[in-house]
Amino acid sequence: MTKLLSLNDFETPARRRLPRPLFGYISGGTETTTARADNRAVFSEYRLVPRVLRGVEGRSLTHPLFGRDWQAPFGIAPMGIVALMARDGDVAMARAAQAEGIPYCLSGSSLTPLERVRGANPDGWFQAYLPGEDDRIRALIERVRKAGHETLVLTADTAVLANRENNV
């Protein structure tokens, strides 16, 4: 791990360690991966600008969201089937987020029961694509409520499953 200095450094060892379909799931996007390429291009335009000889007291990355102050303005986003990538991956990510005071959102397509992950991070959120039938929606919302999740993230970005060409 001492040679991994940035997020980009993880790609080559991940390609070597993970089975090809799992690496493709993590590293790829949908269709022609244009959105993935666009995201990388846009984020590469951001730069840290050194500001020397200025006071730094009182600086903080803390950011309020949903009535709580988090230790950073970012968190761990939902990603399905993490349990295939690492044993107890969802639980490990939930614990890491809890330890660092950042948001964690469990994917609705997790293979780990949401109640178990909730135990690892009582502040975690749950993400779901709502099923189409009202009785299934009510049952899902009731399960999330009973598990103790206070934040339900509804994902409504697609009406049909994505075409992940890199996985085909």
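Predicted model: local features only at pLDDT ≥ 70, side-chain atom pairs only at ≥ 80, totals over all residues.
Biologist: Which residues of helix 2 are buried, then?
Modeller: Helix 2 covers residues 20–27, and the buried ones there are Leu22, Phe23, Gly24 and Ser27.

Biologist: What does the C-alpha trace span along its principal axes?
Modeller: The C-alpha trace of the protein chain spans about 60 × 40 × 30 Å along those axes. As for contacts, if you take those between residues at least 6 apart in sequence, 58% join residues at least 24 apart.

Biologist: New topic: how many salt bridges does the structure hold?
Modeller: The structure holds eight salt bridges, and one of them joins the side chains of arginine 15 and glutamate 11, at 3.6 Å from N to O.

Biologist: How are arginine 15 and glutamate 11 placed in helix 1?
Modeller: They are four residues apart in helix 1, which runs over residues 11–17, so about one helical turn separates them.

Biologist: Which arginine in helix 3 does glutamate 11 pair with?
Modeller: The side chain of glutamate 11 also meets that of arginine 40 in a salt bridge, with 3.4 Å from N to O. Because glutamate 11 lies in helix 1 and arginine 40 in helix 3 (residues 34–43), this pair ties together parts that are 29 residues apart in sequence.

Biologist: Is arginine 40 buried, exposed or partly exposed, and what is its relative accessible area?
Modeller: Arginine 40 is partly exposed, with a relative accessible area of 44%. Salt bridges that share partners join Glu11, Arg15 and Arg40 into one network, and glutamate 11 is itself partly exposed, at 23%.

Biologist: What about glutamate 133, which arginine does that one meet?
Modeller: The side chain of glutamate 133 meets that of arginine 136 in a salt bridge, at 3.0 Å from N to O, and glutamate 133 counts as partly exposed, at 39% relative accessibility.

Biologist: Which residues form the nonpolar patch on the surface?
Modeller: The patch is formed by Leu130, Ile141, Leu152 and Leu154, which together have about 310 Å² of accessible area. Leucine 130 lies in the loop between strand 4 (125–128) and helix 6 (134–147), and leucine 130 is partly exposed, with a relative accessible area of 36%.

Biologist: Last topic, the backbone: what is phi of leucine 53?
Modeller: Phi of leucine 53 is near 60°, a positive value in a residue other than glycine.

Biologist: Where is leucine 53, and is it buried or exposed?
Modeller: Leucine 53 lies in the loop between helix 3 and strand 1 (63–65), and leucine 53 is exposed, with a relative accessible area of 89%.

Biologist: And what is phi of isoleucine 81?
Modeller: Isoleucine 81 has a positive phi of about 45°, although isoleucine 81 is not a glycine. Isoleucine 81 is found in the loop between strand 2 (68–70) and helix 4 (89–100), and isoleucine 81 is partly exposed, with a relative accessible area of 22%.

Key. Residues numbered from 1 in each chain as written. Heavy atoms only, no water. Salt bridge = Lys/Arg side-chain N within 4 Å of Asp/Glu carboxyl O. Helix = DSSP H or I, 4+ residues; strand = E, 2+ residues; numbered from the N terminus. Buried < 20%, exposed > 50% of the residue type's maximum accessible area, 1.4 Å probe, protein only. Patch = residues over 30% accessible without salt bridge, like charges linked within 9 Å, V, L, I, M, F, W, Y side chains within 5 Å. Areas by Shrake-Rupley, 256 points an atom, 1.4 Å probe, with all protein chains shown as cover. Contact = heavy atoms within 4.5 Å.
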